[in-house]
Amino acid sequence: MIRQPASILSGLVPPAILETRDLTKHYTMGEVVVRALDGVSISVREGEFVALVGTSGSGKSTLLNLIAGLDHASGGTLRIFEQDLAHMSRDELSVHRRRNVGIIFQSFNLVSTMSAAENVALAMMFAGVKRNERDERASKLLESVGLGGRQTHRPKELSGGEQQRVAIARALSNEPRLLLADEPTGNLDSRTSHEIMALLKELNERDGKTVIMVTHDPLLASTHAHRTVTMLDGRVISESAA
Amino acid sequence: MTFADAVGLALRNLRQAKLRTALTTLGVAIGIASLAGMVSLGVGLQDQFVDRFTRSGMFDSINVLPGNIDPRGFVAGGRGRGRGAQPNAPAAPEATPPKPLDDQALATLAALENVKDVYPMIRVPVEIRFGDHSEFTQVAGVPISARGQGPFATITHGEFFRSDSDAACMISLEMGNRLVNENPSQLVGKELTLGYASSSPVAAPPAMLPGMIGVPTMVQRAETRCRIIGIVERETGPMAVGGSMVTGVMIPLPKAREINEQFAIAQRTLMRGRGMDGKYQTVTVKVTRPQHTQDVEERIRKLGYSAFSLNDALQGARRAFLVLDIILGLTGSIALTVASLGIINTMVMSILERTREIGIMKAIGGSDSDVRRIFLVEASAIGLLGGITGILLGWLVGRIINFGANYYIVQQGGTPGNLFSLPIWLIAGALGFSLVVSLAAGVFPARRAARLDPIHALRHD
């Protein structure tokens, strides 16, 4: 069932687009230092579908947030597309978020007052895409995720699966090479989950998007990902190819 | 993110919270209305004051005297100087011979910028005769440009001179009351005889007069007749400095100059050459607008004449009005301060409500400055909208108060006027001010929104 990425089939070893070395993230909660990440070293190659698996508090979401540029690491290195995120300013991180990555959340995180099309266009607005172009692109993206007829609907008027599709369309709007999904099916029933996973797989296989997905469900990971990275207490405890 | 996008997004956000936006905007509107209304009242009162006094002709005229007399010294009169007890008193102006105020000087003064009119003050002693009544008085020359000005704004009976060459005269109401026992208006149209001292060269002097020098001249009595065309009431008030033109009899200026010349020769003859000799004692310079008075006054002084006007008094009044404006403005600002707190409150509330949305915007690539800009535009949109509404509101309230006040004033027999004045600068200023205040009020909330940590913001419910 699982196919290797196209570039591997062509006989070339694709370059690592993401590489972490001894990555740490410490929080201080009162007197206690929480080691959310305690020396993580992983690498992800272009076109891979990687699942980050672990119990809650294992640090998988923290790692995803660091990759997304939503947070700063406490130590170690984090290189994405030859850029070191550890040394980026807040503004540079916002550029990273709008250019390099597309983020999909468990709770969809759509702006409730905006229509589906407006939510997708909003991401392009920050990227400086002109109005006409972003309206056109938003419409096409929604069509491509199967929401052609629901463009003017607000999130409340959409089902969970539909909302997640809007979020995926939004994540794709600035054409990032890396998609980050944090429990994308966590709020969905099993049938809808399956549809969303199929969509992510399609984006990975057909469009060559690199996908890093956080999930607590080992079965979901092994079914869809090329590789599963299992984490516990802020460390990687095992890596296994599917 | 372009500015247009930020504006679009901000307006959209404001529309989402219609009631809150409307209430906050109304707060700003009331603040701006009270500020604009207060300043407008100050400006209106000042305009009323300045206008009334400008029409009185006191503030647009400068009295010019020959020589470098220190105006303060002059106004102070004999107070300090005569007693000689002031060691710091300015040096006596006798060092330079006083510049004469002759016809050439009149031309020079008339050529100055912003000068509307220049005319000498001519007063000639005359004997007037009307029927059996005769008395000595002064005849004054009145320029035709004084029509409708100062004391001639209202002519009690009859009318003002039609032209410079009119063989007509006006008399004061007091004079009219002396000429006839009752109803002085009947004098209009009647003829008056003016007798004055004149002179003529004498071919063969009949006798040596004591005043004769050089060319033999004889002082004789001359007469002229004029038709009474108008009767003027002598105005009350501090006219001594401004130079009242109302004397017992007033005739057109050219005629007065003619008589004056004759009189001057006669005077010279009688006073052994110490008469005025074609010079004037006082010249009145009218400026185009009262604002120019001070400037023209300075330039006349530089020409070597003494000049003074009531402008100093007007300047004092202006200062008083400035203080009034500031007090009124501060009072109005209180409402605006409250309104700006309202903006801050609205924005802070809005950030609290939209924390998650801010987190989303950041997660999908919005930078700190994008978020800051959206909130600043929202705040300033509230301010601008409030400013426009406030000006309309202020204008409306001003009109209503004005209407009421004028109704009362008319009832009391006064002349109605604009108590509130809303000049363009005040409108522009109020708009600019509301924008600045709302922007300032938006700075803190916008900064707070911009600094939000995206992860925390996304977890916010």
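Okay, housekeeping. It's a predicted model, so local features need pLDDT of at least 70 and side-chain atom pairs count only at pLDDT 80 or more, while totals for chains, interfaces and linings use all residues. Residues are numbered from 1 along each chain as its sequence is written, and chains are lettered from A and ligands numbered from 1 in the order in which they are written.

So, confidence, meaning pLDDT, the predictor's own per-residue score from 0 to 100. Chain A has a mean of 91, with 95% of its residues at 70 or more.

Pairing here needs at least two DSSP bridges between the strands. β1(A) pairs antiparallel with β2(A), residues 32-40, over 7 bridges, and A:Lys25 sits opposite A:Leu37 there. That hairpin has 2 residues between its strands, and A:Gly30 takes a positive phi near 70 degrees. β1(A) also has 5 antiparallel bridges to β5(A), residues 75-80, where A:Thr20 partners A:Leu78. Then there are 3 bridges, again antiparallel, to β3(A), residues 43-45, with A:Glu19 bridging to A:Ser43.

Over to chain B, which has an open antiparallel sheet of 4 strands in the order β2-β10-β1-β11. The edges are β2, 115-120, and β11, 306-308, each pairing on one side only. β2(B) and β10(B), residues 283-287, share 5 antiparallel bridges, and one of the partner pairs is B:Val118 with B:Val285.

Last stop: which residues of α10(B) are buried? Buried means 20 or more other C-beta atoms within 10 Å of the residue's own, with C-betas placed from the backbone; 12 or fewer is exposed, and in between is partly exposed. The buried ones are B:Glu357, B:Ile358, B:Gly359, B:Ile360, B:Met361, B:Lys362 and B:Ala363. That's 7 of the 9 residues in 355-363, so the helix is largely enclosed by the rest of the structure. The cover comes from both chains, including α3 (90-99) and β7 (101-104) of chain A, plus α11 (368-411), α12 (424-450) and α13 (454-459) of chain B; contact means C-betas, placed from the backbone, within 7 Å. Just past α10(B), B:Gly365 has a positive phi of about 115 degrees.

Methods: Contact = placed C-beta atoms within 7 Å.
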